[in-house]
Amino acid sequence: MNYISVENVSRAFADKALFENVSLGINEGQKIGFVAKNGYGKSSLLNIIAGKEQPDSGTVNRRNDLRMAFLSQEPDLDPKITIEQAILDSDIPTIKIIANYERAMQNMEDADAYQAAFDQMDAANAWDFETKYKQILSKLKLDDLSQIIGKLSGGQKKRIAMAIALLSDPQLLIMDEPTNHLDLEMIEWLESYFKQEDYTILMVTHDRYFLDRVCTEIIELDRGNLYTYKGNYSYYVEKKQERLDIEQTTQEKAQQLYKKELQWMRRQPKARTTKSKSRIDDFYTIKEAAFNRRKEHQVELEINMQRLGTKIVELHKISKSFTGKQLIDNFSYNFQRGERLGIIGKNGTGKSTFLNILTGKLKPDTGKVVVGETVSMGYYTQTGIDIKPGQKVIDVVKEYGEYIPLNKGKIISASQLLERFMFDNKKKHDFVEKLSGGERKRLYLCTVLIQNPNFLILDEPTNDLDIPTLNVLENFLMDFPGCILVVSHDRYFMDKIVDHLFVFNESGDITDFPGNYSDFRSYVGSTDIALEPETKAPSKPSPTAEPAIKTATKSGPTREEQKELSRLENRIKKLEQQKKTLQDSFLDTSLSTDDVTANSIKLEKTKSELEELEMQWLELTEKLDV
């Protein structure tokens, strides 16, 4: 059954065409992920399909009786009302019946009112819906419905809008970045919920695991054209590469034909015959195909950062509490060179507080932080850029630095750095207030990187970034030689970047887990298990029991050595893969002499580092007798 038909829809913004003559259909049962680069018109097309905006041309036909819910990036909620009133105002009849019944239960003395409410529940068959209603509110942590919306955080408002969308029982659910501001536990519950519920879904999200596990079809908007892939995100990645390979082959053939036709054009006399006209017309078509190459930007920066000394950052028994809630309790840790650490935990467990203590923006209640003399921190916060009216993009970056040094004595200017982060010449001289949310995030990354840090701290860096930008950022971080500390709800990003995790829980303890996020979920087991250990009375462990993960607060030499062993093994594995990739690159006969030389130097450097780490690993395993 067809729900929506989009026919020849076009939309332009200022002097730029976002898409032209786009057509697609949405049918019952489809779960569609919609992907595109920032600025290509994802949100605009979603708004047009949902009826929030009108296209410049074309038509959108919707089924007359279609129940549709739309979750925007920034929910439009009345700040003066309570959560309960916002849900009641969503015009869902069954919710009003449930709310009336719950009020009647609180006033059981009025037997007539209670009976009337009970009868209404029966008549509307609302008992099953009540269970669903309570489950959704509970899973989205909307426990106190008396809170005023204007006093809530952006994440809480997003959860309210999500609850309203789900409770409206839509046939078609359209969502723009549904996982933004949700913690990991909520995201995983939402994945499970969408897989078991009979929704038709169209969504934009940068969460690649979410796309992979929920969607059965991917639609990509690429340079004004739509491409459909009948599979999940992993299938899309594979098939898109096949499409790009075909495009590359086609373009190479067009370039060869263009050269041939160009010679013919130059030989022709000025007064060409009518017979040649068709061939001349064909020449311009061939020329357009030959020069229609993809402009894929890659961030390739071999930064020559200051070398880290033996002392990096030491945390000595730090504690922090707010309004009686213990966020961090007597925590100690010493960072090592090249460490790649992720931080996870529920919202409100102190992750951002920890980063602010680490960077000196906040003082601990007890304990101290010692930072080594060679450490240069780069701190990417959730707050982003402080926009000044009339300031241009290039000027923002130059406030933090004119250039950064690269290997081999080279430098990269502020302007060149922006180009590598997908800002063309026009964008570099645009006013910052004209940038989209994703473009501002990219600009903010540039301001952090141009300071040439050797200890990089990233607090939710993936929010508002499109998937191509995430791939670029991940490739950069994979080669980053300094320390990396990441807080992120993007599980794919965490799996790719970090070697071990700090797991924050609501009691103030911090657990050091030796692995990435997927390793952690496998260890914990069910996605229903919370991200903190159960609180239970201490008991004597069984001699045969498998040892639990130790918390970092109870750390000793053995834990440090085990963590170092895990770090070495992860790093060795990545270097071996890098070594193989470099060796395989020499089989490519199309490589230039300069590329071969550069790869040879990089291979020798990789081999040297690999040998050093393998020696460290051998020494450590002998010491630990493992």
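A cavity here is a set of points on a 1 Å grid over the protein atoms alone where a 1.4 Å probe fits but cannot get out. You're looking at a predicted model, where local features need pLDDT of at least 70, side-chain atom pairs count only at pLDDT 80 or more, and totals for chains, interfaces and linings use all residues. Residues are numbered from 1 along each chain as its sequence is written, and side-chain values use heavy atoms, leaving out hydrogens and water.

Now select the lining (residues with an atom within 4 Å of a point): F34, V35, A36, K42, E177, V204, T205, H206, L465, D466, I467 and P468.

Next, colour domain 1 (2-237) and domain 3 (313-515), with bounds from an automatic or database domain assignment. Both give residues to that lining, so the largest cavity lies between them.

Then pick β3 (31-35) and α16 (467-478): each supplies at least two lining residues. Strands (E, at least two residues) and helices (H or I, at least four) are DSSP runs, numbered from the N terminus.

Zooming out, the whole structure has three cavities of 30 Å³ or more.

How values were computed: 1 Å grid on protein atoms, 1.4 Å probe; cavity = no way out; pocket = protein on both sides within 12 Å on 5 of 7 lines; lining within 4 Å. Points joined across faces, edges and corners; volume = space filled by probe spheres on them.
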